Amino acid sequence: MRLKLSIGLAALSALALSACGTEGGATRDSVRAVGSSTVYPFAKLISESFARSNPGMNSPLVESTGSGGGIQLFCQGVGSNTPDIVNASRRMKPSEFATCNQNGVTGIVELQVGLDGIAFASSQGGIQMNLTPEIVYRALAANPYGEAQTAKLWSDVDPGLPAQPILVYGPPSTSGTRDALKELILEVGCEEGPGMAAIKESDEDRYDQICTEVRNDGAYVDQGEQDNLIVQKIEGNKQAVGIFGYSYLEENADKVQGLPMNGVMPTYDNIASFDYPGARPLYIYVKKQHLDAVPGLREYVAEWAKNWSRDGLLTRAGMIASPDDVLARNAEAASSFTTIMADDLG
């Protein structure tokens with residue numbers, strides 16, 4: 001009975017994909033992935049490697065939509081009009097997992113594909129500063145510690161910093177990089193501020209707003225989901241600072257320079273050891289209900305696992321390999337397609 005039920009569910013999944021296909025009812029014959037702009041260049045590399053390894057299959061389609069936007073698309077339901085994979089530069093939130101389940105996406109495989117760092121950078125020969133989470137928070141918060149934002153120059157934040165205008169190009173609110181900026185930098189810089197413990201105790205929503213809302217007076221410029229545009233902006237303005245994933249810093253080392261955080265430079269070794277404050281894991285989420293309905297999905301996931309080791313394609317392109325125990329755990333999940341539960345997301 002259980003075997004018949006399993007076969008029936010697989011058939012229903014395939015039927016759902018067919019029913020939700022493109023005009024004319026055709027099923028999709030290639031993998032579709034959406035999500036993080038930070039993970040995007042790595043996902044494209046894996047697509048190219050997949051195409052070389054599987055010449056009889058169509059190359060996966062990868063779109064850069066931002067982590068939040070990608071998860072929203074992924075969680076819309078099961079069917080060929082929904083993505084098979086979402087790339088994310090932060091972990092899926094419990095609320096997003098619940099939305100997935102409500103929409104029938106009940107089998108989700110989480111894979112940590114490597115590590116990245118939120119790099120702060122300026123142009124070669126441009127502004128140089130030793131940043132801290134507190135400095136970044138006080139410079140970028142809409143209302144630092146609940147007070148009006150009055151800082152115009154970096155020296156207004158700290159007299160030891162350059163007397164140059166605060167101008168930061170960074171990710172939009174839909175980006176996983178923005179979420180990681182909030183969690184790893186802004187909240188850290190905010191939580192020890194005067195009176196913040198009392199505010200958190202009495203009004204957590206207000207605390208979150210004070211700690212994570214970014215100013216909108218032109219000092220912080222939302223540059224969209226294309227991190228290369230941030231590189232171009234700071235390359236053309238020696239007073240500007242950019243925020244993007246470490247791989248873009250490494251890829252453009254001839255144009256931009258990393259800025260230290262707490263005296264620690266954003267380098268491969270410092271991120272791998274988590275000595276750098278902006279280190280973060282990168283993920284892909286796989287829709288298990290699509291495994292037997294979308295040609296190449298299993299093979300595409302296998303291509304990730306084949307290339308995420310220390311000497312793999314991904315690390316040669318700027319991603320940082322996960323610790324050995326994490327690599328082993330995710331290699332197992334990538335072969336068995338172990339699904340996660342709400343409790344796993346904490």
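Let me begin with glutamate 48, whose place is in helix 2, residues 40-53, where helices are DSSP runs of H or I with at least four residues, numbered from the N terminus. Because its relative accessibility is 40%, glutamate 48 counts as partly exposed, a class that lies between buried, under 20% relative accessible area, and exposed, over 50%, using a 1.4 Å probe and protein chains only. Its C-alpha atom and that of glutamine 257, which is 209 residues away along the chain, are separated by 29 Å.

Before I go on, please keep in mind that this is a predicted model, in which local features need pLDDT of at least 70 and side-chain atom pairs count only at pLDDT 80 or more, while totals for chains, interfaces and linings use all residues. Residues are numbered from 1 along each chain as its sequence is written, and side-chain values use heavy atoms, with hydrogens and water left out.

How far does the predictor trust its own model? The pLDDT, which is the predictor's confidence in each residue from 0 to 100, averages 89 over the protein chain, and 92% of the residues score at least 70. Over residues 1-16 the pLDDT stays under 50, and the model has four contacts beyond four places in sequence for them, a contact meaning heavy atoms within 4.5 Å.

Next, is serine 247 buried or exposed? This residue, found in helix 11, residues 246-251, counts as buried because its relative accessibility is 3%. Leaving aside residues up to four places away in sequence, serine 247 touches Phe42, Asp116, Ala317 and Gly318.

Now to a pair of helices. Helix 7, residues 176-191, and helix 9, residues 204-212, pack at an angle of about 105 degrees, with their axes 8 Å apart, and they are therefore roughly perpendicular to each other, the word used for angles of 65 to 115 degrees. Helix 7 makes this contact with Lys182, Leu186, Glu187, Cys190 and Glu191, and helix 9 with Tyr207, Ile210, Cys211 and Thr212.

How values were computed:
Axes are lines fitted to C-alpha atoms, for helices over the stretch in contact, and angles run from 0 to 180 degrees between N-to-C directions. Helices (H or I, at least four residues) and strands (E, at least two) are DSSP runs, numbered from the N terminus. Angles under 35 degrees count as roughly parallel, over 145 as roughly antiparallel, 65 to 115 as roughly perpendicular and the rest as oblique.
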